[in-house]
Amino acid sequence: MNKIKVKFLGSGDAFGSGGRLQTCIYIESDDTGLLLDCGASALISMKQFGVRLPDIDSIFITHLHGDHFGGIPFFILDSQLISRRTDPLLIAGPPGMKKRVLEAMEVHFPGSSRVKQKFEIIFEELPPTVPTRLGAVNVTAYSAVHGSGAPSYALRVEVSGKTIVL
Ligand SMILES: [Zn+2]
C-alpha cells in the first residue's frame with residue numbers, strides 16, 4: 001500500500017485566530033498532489049512550508065467562504081506568472097464554484113479571469129452523495145449545514161488506498 005503525507009498548511013479560521021493560517025491541507029502521494037481547501041493565505045503557507053505549486057494537480061473545495069477558497073486567484077496568478085505551470089489544474093467543489101472563483105479573480109485582479117492561462121483549468125462541480133472519480137482520487141461530497149451562498153460540503157477523499165474526510 002502506498003504511503004501518503006498529510007500536511008496541515010493552515011488550520012485556522014476566517015479571523016486569524018491564534019495567528020493561524022486559513023484552511024489548506026496538502027495531501028502528497030505517488031498518485032497525486034492535492035489541496036483540500038485553499039484559504040486566502042494558502043499561497044503564503046505553501047511557500048512557508050516549501051510546497052511547490054506545480055506539484056499540486058488538484059484543489060478540492062468544501063465550501064465557498066473566502067477562508068476556504070479565497071487562495072485560488074493567487075494560486076492561478078502565481079501559476080501563470082511565477083511558477084509557470086504547464087500541467088492542467090483541476091478545481092473541484094460545490095455547484096456555483098466556477099462562477100465564484102472567476103468573480104473572486106476579477107475582484108482581486110481585474111481582467112485576470114479573462115486571461116488565457118498557459119495551462120488548462122478544469123472546474124468540476126460535484127453533486128452531493130455521488131462518488132466521483134477524478135484522476136487518481138475518488139471523492140464523495142456530503143451536504144453540510146453551513147450557509148455560504150452555495151451548497152456546503154464535507155468531503156470524503158480516497159487516495160492511494162487511504163480515506164481522508166474533511
Ligand atoms: Zn465557512
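Here are some notes on this predicted model, point by point.

1. **Ground rules.** The model is predicted, so local features need pLDDT of at least 70 and side-chain atom pairs count only at pLDDT 80 or more, while totals for chains, interfaces and linings use all residues. Residues are numbered from 1 along each chain as its sequence is written, and side-chain values use heavy atoms, with hydrogens and water left out.

2. **The zinc site.** Let's start with the metal. The zinc ion is coordinated by His-63 (NE2), His-65 (ND1) and His-146 (NE2), at 2.1 to 2.2 Å. Donors here are N, O and S atoms within 2.8 Å of the metal (3.2 Å for Na, K and Ca), and water is not among the atoms, so sites may look incomplete. Along the sequence, the donor residues follow the spacing H-x1-H-x80-H. His-63 sits in the loop between strand 4 (58-60) and helix 2 (66-69), and His-146 in the loop between strand 8 (137-144) and strand 9, so this pair ties together parts that are 83 residues apart in sequence. Helices (H or I, at least four residues) and strands (E, at least two) are DSSP runs, numbered from the N terminus.

3. **Cover at the zinc site.** Which of the two is buried, and which partly exposed: His-63 or His-146? His-63 is buried, at a relative accessible area of 6%, whereas His-146 is partly exposed at 41%. For these words, buried means under 20% relative accessible area, exposed over 50%, and partly exposed in between (1.4 Å probe, protein chains only).

4. Ser-152 lies in strand 9 and is buried, with a relative accessible area of 4%. Leaving out residues up to four places away in sequence, Ser-152 touches Thr-62, His-63, Tyr-142, Ser-143, Ala-144 and His-146; contact means heavy atoms within 4.5 Å. The side chain of Ser-152 also makes a polar contact of 2.9 Å with the side chain of Ser-148. A polar contact is a pair of N or O atoms within 3.5 Å; within protein, one must be able to donate a hydrogen and the other to accept it, and residues adjacent in sequence count only if both atoms are side-chain atoms.

5. Strand 9 (residues 152-159) pairs with strand 10 (residues 162-165) in the antiparallel sense, over four bridges; two strands pair if DSSP finds at least two bridges between them. Val-157 has Ile-164 as its bridge partner in strand 10. Two residues lie between the strands of this hairpin, and Ser-160 takes a positive phi near 50 degrees.

6. **The largest nonpolar core.** This core has 27 residues, and those with the most contacts inside it include Leu-35, Met-46, Ile-56 and Phe-75. A nonpolar core is a set of buried Ala, Val, Leu, Ile, Met, Phe, Trp, Tyr and Cys residues joined through side-chain atoms within 4.5 Å. Two or more residues come from each of strand 2 (24-29), helix 1 (42-48), helix 3 (72-81), strand 5 (89-93) and helix 4 (97-108). Helix 4 gives the largest share, four residues. Apart from this core lies another, of 18 residues, among them Ile-4, Phe-60, Val-137 and Ile-164.

7. **Helix 3 and Phe-75.** Helix 3 is mostly covered, with seven of its 10 residues buried; among them are Ile-72, Phe-75, Ile-76 and Asp-78. Beyond its neighbours within four places in sequence, Phe-75 is in contact with Leu-35, Met-46, Leu-53, Ile-56, Ile-59, Arg-85 and Leu-89.

8. **Lys-47 and Asp-78.** Lys-47 belongs to helix 1 and is partly exposed, at 47% relative accessible area. What joins the side chains of Lys-47 and Asp-78? A polar contact of 2.5 Å does. Not counting residues up to four places away in sequence, Lys-47 touches Leu-53, Asp-78 and Ile-82.

9. **Salt bridges.** The whole structure holds five salt bridges, each a side-chain nitrogen of Lys or Arg within 4 Å of a carboxyl oxygen of Asp or Glu. One of them joins Arg-52 and Asp-55 at 2.8 Å, N to O. Glu-106 and Arg-114 form another, with their closest N and O atoms 3.4 Å apart; Glu-106 is partly exposed at 22%, while Arg-114 is exposed at 66%. In strand 9's stretch of sequence, Arg-156 and Glu-158 meet at 3.6 Å.
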